[in-house]
There are 2 protein chains.
Amino acid sequence: MLHVDGERLRADFDALGTIGATSAGGVDRRALGRAHLAARAWFLERAGAAGLKTEIDAAGNHSAVLPAPTEGAPRLLLGSHLDSVVDGGRYDGALGVVAALEALRSVRDAGLALPVALEAIDFTDEEGTLVGLLGSRALAGTLSAEMLASPRGGREALLAGLERGGIAESGLATAERDPRTLAGYLELHIEQGPVLERAGAQIGVVTGIAGSRSFRLCFGGDAAHAGTTPMDGRRDAGLAAARFAVAAHDRTVSAHSGCVATVGSIELEPGLFNVVPGRARVALEFRAPETARLDALEADLLALARAQGLPVEVEAVGDWKPCALDEGVRTAIADAAEALGLRAKELPSWAGHDAESLAAVTPSGMIFVPSRAGVSHAPGEHTAWEDCVNGANVLLGAALRLAQAHR
Amino acid sequence: MLHVDGERLRADFDALGTIGATSAGGVDRRALGRAHLAARAWFLERAGAAGLKTEIDAAGNHSAVLPAPTEGAPRLLLGSHLDSVVDGGRYDGALGVVAALEALRSVRDAGLALPVALEAIDFTDEEGTLVGLLGSRALAGTLSAEMLASPRGGREALLAGLERGGIAESGLATAERDPRTLAGYLELHIEQGPVLERAGAQIGVVTGIAGSRSFRLCFGGDAAHAGTTPMDGRRDAGLAAARFAVAAHDRTVSAHSGCVATVGSIELEPGLFNVVPGRARVALEFRAPETARLDALEADLLALARAQGLPVEVEAVGDWKPCALDEGVRTAIADAAEALGLRAKELPSWAGHDAESLAAVTPSGMIFVPSRAGVSHAPGEHTAWEDCVNGANVLLGAALRLAQAHR
C-alpha cells in the first residue's frame, strides 16, 4: 500500500510554519497579506522543485499539477488554504495544502499511472479576511457580485488585497471551471472541535458542513432611573435580553441535541450603572447539520425572543446553507482509513470550508484529524504529528480509490 | 394660615423653564454650563427684585436671605438646585428653588418676625455633571480631596466648570458652615418615581435617602469557536453573565422586597456572532433604605455571581450610605400637610439629593410631590401644577413650624 513520506511532509509543514510565525507559536497569514503571499510563493517553489507543473488561476488559486498520461483526463483536486485568521494556528488549512502536495509527490515517485490528473490546490482567502471562500467560490462559479460589493472585510481591504495578489476583480469570474473537467475534491483539515479527541478516533469522515444562521435581535424597553423605578414598574430591555440568552441556551441543549446556539454579544443602552437599560441588542448565531433542523431551531429561538414580554426587532444577518458531502467520497475515505487500520468516525463539520464551494460542482469530501482540546483559530491550535501523517495517508488512499473508480 | 402666592410661583417656574429649554420640552442646564449660569443669575435677580439679600459662597452656592430681627439668629435653609442632567426635565431641582424663594417672599410679605433667618439656596452641581452634590457637600464640610481628584465628570470638566463659575478650587473648603449657624434644612423635590401617584398621595414625607452600592463583575470563561465547540464543552462567560442578571433580578424581587437591583451594562468579549464569549463585564447597582438591608442584598447578589460556575472578579466601584432624615422635621412636614388637608405618605427617596449632605450637619427633611408615571431625568418629566403649589405650601408650613420650634 502506498504511503506518504512522513519526513518530507514534516519538513514542508515546519518550513511553512515559519512563514508569518507569531511569537505565541502560531501564524498570522491574513489573505493576500505579505506573509500569505510569501507562503504561496513557497508552495509554488516546493511544487516546482518536485518537478510538478504549477498554475495560478484568475482568482489567485495556486496549484501544483501531476498530469495524467491520458490527454484531457479530468482533474481530481486535493486542497485547502494557506491563509489564516488574525493570530491563528499553524494547522488550519496549511496541513491540507502540504498533505495534498505530498500526495502528488508520492504518486509521482511511485510511478503510478492514474486515469485522472491530480491537482494540489491552495484556495485564495478561505478565512474571510476579505470575502471568505473567495477562491473556491470563484472556481465553482458561485462568487456573486453582491459578495464582492459588500465583502466581510470591506471594499477597501478587498481591492488592496486583490492588487497585492495581482488579481483583477473583473477577471475573477473566469476562474470558473467546467465541472466536466473535475473528477472530485478531497480536503484534509483539522477538526477544530473536540469530537474526535473525545471519541478516541484518529480520522473523521465528514458527513457534511453544518449550516449557520445569524440574527440581530433588538429588545425595546424603557430606560429609567435605577433608584426611583420600582422592580415591578420596569420594562428592562437588558433583563429581557439576559432571559433570552439563558432560555436560548437551555432550549438548544434540551430540545436540539447536536446543534449549537451562541449569544456572542449583548449591548445595553445607555449602558450605565444607574439607568435601567432601555434597549438591548443581541447577536445570535446557531448551526445545524441539516436545513430542517436549522428551521426548527430558528422557529424555537425566535419564539423565545418574542416571549420575553417586550417588543423585539428581528433582523436576519447571515444564512449559510448546510452542505451534504458526497456518499461515494465518504466511502472512499472510510475505506482508506480502514485499510490503514485507523479508527474513523463520521461527524459533521461545524465550521465552513472550501469543500462546501466545491460540493456544488463535483463530488467532494473532507477528512478531519483531531484537534487537541478542540482549540483552533488560536496559537495553541495543535494536532499530534502522527495524526497529521495518518490524515495525509487517508487523503492519498482516498484519492487513489476515487482515481481508480474513474477508470 | 399662610399660603404661597401660586401665580407668582408659576411665573417664576415658567420663566426659569425657558432658560436652557430644549426642543423636546425639557431643559439642559448642566452644572456651570452657560444655561445653568444664566439660571443662577436669573435667581439672584429675582431675589434682589423681591428685596431679599443675595449671597454667593466659596462653593458657588447662590442664596437669597430673609434676615431675622434678632442679630446672629441661626438660618433655616430651604433649597435645591438649578442644574439639570443632560436633556433633563423642568421640575427636578428647579421646583425646590423657586418654591424656596416664594416661601421667603410669602413670609416677608406677611411681615412675620421669626426667630430664625430664612435662606433660599441653590446648590452647585447636584446632578454630578462635575462631582455631584458639590455645593451641599462643601457647605457641610464633607467634600473630600479624593472627590475633587477623580470627579465623576473628569478633572478637565471640573476645572473648566469652576473657572466658568468663578469658583476657586482652593477655596471650596471655606464654604463650610458652622453647624451652630444652621437651624435646619428643608427641600421640596419631585419624587422621580411612581409611588405617590400609585398611592394617590399628594405629598411625600421622605423618611430617608436610600443607599446604593455598585460593583463591576467580570466573568472569565474561554473564548471558543461558536460552530465547532459543542454546547457541553463551553465555558461561556456571556451565558454566566446572563444567568447572573436573571438570578439577581429574581432574587431581589423574591427576597428583598422594597429594594432595587439593576444590571445596567453587559459587555461581552470578543463580542462577535461566531465566537463564544470568553469574558463578560457586568455593571451591577443596588439600593436599599438601610445599611442592614444593603448588606443583606450585597451578600446575596455576590453569592449569586459566584454561583455561576465560572471565575468572577468583583470590584466595588461605588458606595453611597443610606441617610435617615430627621424625625422632628418629618413631623413638621406631616403636620403642615395635614393642616392643608393634603393626603401625605411616608416613603424613602431612591435617588440622591442635597438633603443627604445637609443631614450630616443639621436637622434635615424632604417633601416630595408626585411625578407623572414616575418619569424623571427626561424631557417628559411632569408634575401637575396643583401638586407643585401644594408642595410649596407644605414647604412654607413646615418651615414656619421649624422656625417657631426654635424660639
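1. Which residues in α3(B) meet which residues in α12(B)? On the α3(B) side they are B:Leu95, B:Ala99, B:Ala100, B:Glu102, B:Ala103 and B:Ser106. Their counterparts in α12(B) are B:Cys388, B:Gly391, B:Ala392, B:Leu395, B:Leu396 and B:Ala399. By class, the residues of this contact are nine nonpolar, two polar and one charged. The model is a predicted one, and the points below should be read with that in mind.

2. Helix α3 of chain B covers residues 94-110 and helix α12 of chain B covers residues 385-405; their axes come within 9 Å and cross at roughly 55°. Because of that angle, α3(B) is oblique to α12(B). The crossing of α3(B) and α12(B) is right-handed.

3. A helix pair in chain A can be described in the same terms. Helix α1 of chain A (residues 6-17) and helix α3 of chain A (residues 94-110) have axes that come within 10 Å and cross at roughly 140°. Angles over 145 degrees would count as roughly antiparallel; α1(A) and α3(A) are therefore oblique to each other. The crossing of α1(A) and α3(A) is right-handed.

4. The contact between these two helices of chain A is made by named residues on each side. From α1(A) come A:Arg8, A:Leu9, A:Asp12, A:Phe13 and A:Leu16. They meet A:Ala94, A:Leu95, A:Val98, A:Ala99, A:Leu101 and A:Glu102 in α3(A). The class count for the contact of α1(A) with α3(A) is eight nonpolar, no polar and three charged.

5. Chain B contains an open sheet of four strands, in the order β9-β11-β7-β12, with antiparallel pairing. Its edge strands are β9 (260-269) and β12 (312-320) of chain B, each of which pairs on one side only. From one strand to the next the twist averages 15°.

6. Within that sheet, strand β7 (residues 211-220) of chain B runs antiparallel to strand β11 (residues 279-288) of chain B, and 10 bridges join them.

7. Helix α8 (residues 237-255) of chain B lies across β7, β9 and β11 of chain B, at about 175° to β9(B). Helix α9 (residues 291-306) of chain B lies across β7, β9, β11 and β12 of chain B, and runs at about 160° to β11(B).

8. The contact between the chains takes 46 residues from chain B and 45 residues from chain A. On the chain B side, the elements giving two or more residues are β7, α8, β9, β10 (275-276) and β11 of chain B. Helix α8(B) supplies the largest share of that side, nine residues. The side of chain B that touches chain A has 22 nonpolar, 21 polar and three charged residues.

9. For chain A, the domain assignment gives domain 1 (6-209 + 324-405) and domain 2 (211-320). Taken over C-alpha atoms, the centres of domain 1 of chain A and domain 2 of chain A are separated by 37 Å. Their contact takes four residues from domain 1 of chain A and four residues from domain 2 of chain A. On the side of domain 1 of chain A that touches domain 2 of chain A, the classes are two nonpolar, two polar and no charged residues.

Note on methods
Residues numbered from 1 in each chain as written. Chains lettered and ligands numbered in written order. Predicted model: local features only at pLDDT ≥ 70, side-chain atom pairs only at ≥ 80, totals over all residues. Pairing = 2+ DSSP bridges. Axes fitted to C-alpha atoms, helices over the stretch in contact; angles between N-to-C directions. Contact = placed C-beta atoms within 7 Å. Parallel < 35°, antiparallel > 145°, perpendicular 65-115°, else oblique. Left-handed = near helix turned anticlockwise from the far one by under 90°. Nonpolar A, V, L, I, M, F, W, Y, C, P; charged D, E, K, R; others polar. Domains from an automatic or database assignment.
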